[in-house]
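Hi there,

Here is the structure I promised to pass on. Have a look at it first, and my notes follow below.

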Amino acid sequence: AFHFTVPLRVALAPAATAPTAPAASAPPLAGVRVLLVEDTPVNQKLAMALLGRQGVNVTLAADGQQAMNAVADDHFDIILMDLQMPDMDGITATQHIRALERERGTPPTPILAMTANAMPGVRESCLAAGMNDYVTKPMRADQLFSAISALLKPASPTY
């Protein structure tokens, strides 16, 4: 354990004469309902802070079983799923969630795998289990938001 102190000063924002379009609009992911499935407290805090700045509504599950319970009781726009967790890993949880969706006849919720394991074959295992995409840790905000946005984008109609 360690402790440190960082003295910070509060910066005052300059007075604005008129709101600009980006400042007046909501973040692009505002209101999105996310189930964050992550067992590591540091990763939980980081992901929740990143998502919170975008106006995302986050529900936290610390393992695969909690994720399954959350999906059984509620609806989410997207699930961010860690792969390596105690008790029930992300692959197994995804398989159970997909089975529940089939049983209920509900459309599949996009599931984005998040893992520090970037070994060959991991992405393929995620996709085979029913996940929609894969990002590696440590999380980069731009990569995470890009993957979330891509999964939430409605599919283009085919003619």
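**An exposed proline to start with**

Pro 28 counts as exposed, at 72% relative accessibility (exposed means over 50% relative accessible area, buried under 20% and partly exposed in between, with a 1.4 Å probe and protein chains only). Pro 28 sits in the loop between helix H1 (21-24) and S1. Although 27 residues separate Pro 28 from Gly 55 in sequence, their C-alpha atoms are 8.3 Å apart in space.

Before you read on: this is a predicted model, in which local features need pLDDT of at least 70 and side-chain atom pairs count only at pLDDT 80 or more, while totals for chains, interfaces and linings use all residues. Residues are numbered from 1 along each chain as its sequence is written, and side-chain values use heavy atoms, with hydrogens and water left out.

**Overall layout**

The protein has six helices and five strands (DSSP runs numbered from the N terminus, with H or I of at least four residues for helices and E of at least two for strands). Along the sequence they follow the pattern α-β-α-β-α-β-α-β-α-β-α. Of the 159 residues, 35% count as buried. Among contacts with a separation of 6 or more, 63% are between residues 24 or more positions apart (contact means heavy atoms within 4.5 Å).

**The cores**

The largest nonpolar core has 22 residues, of which Leu 35, Val 37, Ile 79, Met 81, Ile 97, Cys 126 and Met 131 touch the most other members. Such a core is a set of buried Ala, Val, Leu, Ile, Met, Phe, Trp, Tyr and Cys residues joined through side-chain atoms within 4.5 Å. Two or more residues each come from strand S1 (33-37), helix H3 (64-73), strand S3 (78-82), H4, strand S4 (111-115) and helix H5 (122-129). H3 gives the most to this core, with four residues. Apart from it lies another core, of 18 residues, including Val 34, Ala 47, Met 114 and Val 135.

Which residues of H3 are buried? They are Gly 64, Ala 67, Met 68, Ala 70 and Val 71. These lie on the same side of H3, because they cover an arc of only 165° around the axis (the arc is that of the directions from the helix axis to the C-beta atoms). S1, strand S2 (57-61), S3 and H4 are among what covers them.

Gln 44 is found in helix H2 (residues 41-53) and is buried, with a relative accessible area of 13%. Not counting residues up to four places away in sequence, Gln 44 touches Leu 36, Glu 38, Asp 39, Leu 60 and Ala 62.

**Two backbone details**

Most residues other than glycine have a negative phi, and most peptide bonds are trans. Asp 87 has a positive phi, near 70°. Asp 87 is in the loop between S3 and H4, and is exposed, with a relative accessible area of 79%. The peptide bond from Lys 137 to Pro 138 is cis, with omega near 0°. Pro 138 belongs to the loop between strand S5 (133-136) and helix H6 (141-152).

Happy browsing, and do write back with any questions.

Best wishes
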